[in-house]
Amino acid sequence: MFALRSLAFKSVPFPGKSQLVNSGLHTSTRWSGAKVAVVLSGCGVYDGTEIHEAAAILVHLSRGGAEVQMYAPDVSQMHVIDHGKGVPVENESRNVLSESARIARGNVTDLAKLSVGDHDAIIFPGGFGAAKNLSTFAVDGPDCKINTDVERVLKDFHKAGKPIGLCCISPVLAAKLLPGVEVTVGHEEEKGGKWPYAGTAGAIKALGAKHIVKECHHEAHVDQKNKVVTSPAFMCETQVHLIFDGIGAMVTNVLKLSGK
């Protein structure tokens, strides 16, 4: 056992590859002091925040040296989904702020209290909560309405020239509120089931935004003019670590744009 422990701390070269310790896999530039708001929409992919996306965002922000405060609106969820069966649960209601506290380990603040002056950037994970609780996109498509506080903070950050990060389905929020913004939700064709939500790109265009085709595993799109950074994340059917890497590209660019 002790031999195995000592081996774990050594750099083991692989044929034709740089040593793992020098690969940069677990290193990144640190933006010390960047204060980032992360807005959640509940807990669980089908009726709230996509948990893996939220965790990936928080890990990359932590690795980048950012200070994070999580927020969520104090409103009822659109509905509650049984994630095992994939169907709505009858006669049950949940609060978005309370559910978001599960991801935030209790450290979450009412979105109504978020002030743009307290933060250098803002990031929205995906999950159907962005389309059900932060907006009505899941029901109304391009005719959707946006939660009042979500609209306020997005417009405030945009007006202040502070970067906005969004992944998965959440770029529809920027597409609705920021005329002419460039975003990505991945590909515009299903491609044999790899991109099951490809139709979202059409809705983004219908909102007057420009859609940019990107891959999920290593790419993010940066709209330099609007300081909006987006990544497809789980709009794509692929392995979790590839989603993690794509979100890392989004977070890194958000931190770069923060100037901290």
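Reader: What volume does the second largest pocket have?

Author: The model is predicted, with local features needing pLDDT of at least 70 and side-chain atom pairs pLDDT 80 or more, while totals for chains, interfaces and linings use all residues. Residues are numbered from 1 along each chain as its sequence is written, and side-chain values use heavy atoms, without hydrogens and water. A pocket is an open set of points on a 1 Å grid where a 1.4 Å probe fits, with protein on both sides within 12 Å along at least five of seven lines. Its volume, the space filled by probe spheres set on the points, is about 290 Å³.

Reader: Which residues lie nearest the centre of the second largest pocket?

Author: The lining (residues with an atom within 4 Å of a point) divides into 12 nonpolar, three polar and two charged residues. Of the 17 residues that line this pocket, those nearest its centre are V45, F128, C168, Y197 and F234.

Reader: How are the rings of F128 and Y197 arranged, stacked or edge-to-face?

Author: Rings of Phe, Tyr and Trp (its six-membered ring) pair if their centres lie within 6.5 Å; planes under 30 degrees apart are stacked, over 60 edge-to-face and the rest tilted. The centres of the F128 and Y197 rings are 6.0 Å apart and their planes stand at 80 degrees, so the pair is edge-to-face.

How values were computed. Ala, Val, Leu, Ile, Met, Phe, Trp, Tyr, Cys and Pro count as nonpolar, Asp, Glu, Lys and Arg as charged, and the others, Gly among them, as polar.
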